[in-house]
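Please keep the sequence and the model in view while reading.

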Amino acid sequence: MLPASRYPKTINGIRAAWKQCEPKAGVNVFSNEPKTIAPYKTGSLTNGFLKDGLNTLNFVRYLAGLPEVELHKAYNNECQAGALVMAVNKTLSHYPAKPAGMDNGLYKTGYDACGSSNIASGYSTLDATVIGYCNDSDAGNIDRVGHRRWILNPRMAKTGFGFVTSNSFYSAMKSFDSSGSEKRDYVLWPSKGFFPDKFFGPSQAWSVSLDSGKYSNAAAHRAGISVQLTCLNNASTWIFTSADTNKYGKYFNIDTGGYGMNFCIIFRPDNLTSILSTNKFKVEINGLKDRLGNAMDKIEYEVEFFKL
């Protein structure tokens, strides 16, 4: 749907791609209403509501230079059960308790889905949850940006969504699929070149996910990694090292947890009050090593934000 030949990564190309993917107003949520009191019913989502979530997910992957994913019916059903269990409990959890009176089979399906999905509450649409997952820069998530990394996993080929309302909105997005064969040396967020500021704000963390088969993530080999970020408009510069641990300000971390690509460099500048449509940044990552401990070339790229 978003071939580079039709939607090049120019400002006009990205705008045209977003016009193709932009959520459609007035879409009905449920084709079959869930029931959050016993006897429980998972319900189902309309094709239009699901499509809005999928299109936003695929637009994000297009920005990152990754292949599209498709909806998988079984994943939709599982995630709908997961959203139901959380909505009944009125609690967001990857390990939800069993609601009173819920069938064991339904509960197990929902429990397993919560443990293998990105989950969210408070977002009234699936497209909004996808954008929220990509943010991932609050104090509880910035050290790993795990939701973002699952979305930007090159090997993801299929996903599914679930959504149920009770006291709030509860949703799940299947994230553990790795049935694709795509491979990347690294995946950038925000990605290099032109990037729409609707999908990235001044308080968000930058991330570079690396192929640990090429770049060593061993503790001894990653100890010397540093990042320099420069705003080319005014020459403001930030140098990030392991000393930058403020989860509410200037921050740097290297995470090797199993969230999609299992080697991720995360950094966020402080005192960046706005990202204007004319702002252009340069990123330089030094100190990378291969699996034998040999020095690797630095990763260097530029990002130019614009109004979508």
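This is a predicted model: local features need pLDDT of at least 70, side-chain atom pairs count only at pLDDT 80 or more; totals for chains, interfaces and linings use all residues.

Residues are numbered from 1 along each chain as its sequence is written, and side-chain values use heavy atoms, with hydrogens and water left out. Helices (H or I, at least four residues) and strands (E, at least two) are DSSP runs, numbered from the N terminus.

**Helices α3 and α4**

- Two packed helices are described by the angle between their axes and the distance between the axes.
- Helix α3 (residues 73-89) and helix α4 (residues 104-115) have axes that come within 7 Å and cross at roughly 95°. Axes are lines fitted to C-alpha atoms, for helices over the stretch in contact, and angles run from 0 to 180 degrees between N-to-C directions.
- The two helices α3 and α4 are therefore roughly perpendicular to each other (angles under 35 degrees count as roughly parallel, over 145 as roughly antiparallel, 65 to 115 as roughly perpendicular and the rest as oblique).
- On the α3 side, the contact (heavy atoms within 4.5 Å) is made by E78, C79, A81, G82, L84, V85 and M86; on the α4 side it is made by L106, Y107, T109, G110, A113 and C114.
- The residues of this contact between α3 and α4 comprise nine nonpolar, three polar and one charged. Here Ala, Val, Leu, Ile, Met, Phe, Trp, Tyr, Cys and Pro count as nonpolar, Asp, Glu, Lys and Arg as charged, and the others, Gly among them, as polar.

**The sheet β4-β7-β6**

- Strands of a sheet pair through backbone hydrogen bonds, either parallel or antiparallel.
- An open sheet is formed by three strands in the order β4-β7-β6, with antiparallel pairing. Two strands pair if DSSP finds at least two bridges between them.
- The edges are β4 (117-121) and β6 (161-165), each with a single partner strand, so one side of each is left without a neighbour in the sheet.
- From one strand to the next, the twist averages 10°.
- Five bridges join β6 and β7 in the antiparallel sense, and V164 has Y170 in β7 as its bridge partner.
- Lying across β6 and β7 is helix α2 (residues 47-63), which runs at about 125° to β6.

**Strand β11 and its partners**

- Strand β15 (residues 280-286) runs antiparallel to β11 and is joined to it by six bridges.
- In β12, W238 stands opposite L229.
- A hairpin is formed by β11 and β12, with five residues between them. In its turn, A235 has a positive phi of about 70°.
- Not counting residues up to four places away in sequence, T230 touches A235, S236, T237, K280, F281 and K282.

**Aromatic pairs**

- The whole structure holds 20 aromatic pairs. Rings of Phe, Tyr and Trp (its six-membered ring) pair if their centres lie within 6.5 Å; planes under 30 degrees apart count as stacked, over 60 as edge-to-face and the rest as tilted.
- W150 and F176 form a tilted pair, 4.7 Å centre to centre with 35° between the planes.
- W150 lies in helix α6 (residues 146-151) and F176 in the loop between β7 (169-174) and β8 (186-189), so the pair ties together parts that are 26 residues apart in sequence.
- W150 is buried at 13% relative accessible area, whereas F176 is partly exposed at 43%.
- W206 and F267 form a stacked pair, 6.0 Å centre to centre with 20° between the planes.
- This pair links W206 in strand β10 (residues 206-210) to F267 in strand β14 (residues 264-268), 61 residues apart.
- W206 is buried, at 1%, and F267 is buried, at 0%.
- A cluster linked by ring pairs consists of W189, F195, F200, W206, F240, F267, F281 and F305.

**Residue K183**

- K183 lies in the loop between β7 and β8 and is exposed, with a relative accessible area of 62%.
- Not counting residues up to four places away in sequence, K183 touches P154 and D211.

Notes: Buried means under 20% relative accessible area, exposed over 50%, partly exposed in between (1.4 Å probe, protein chains only).
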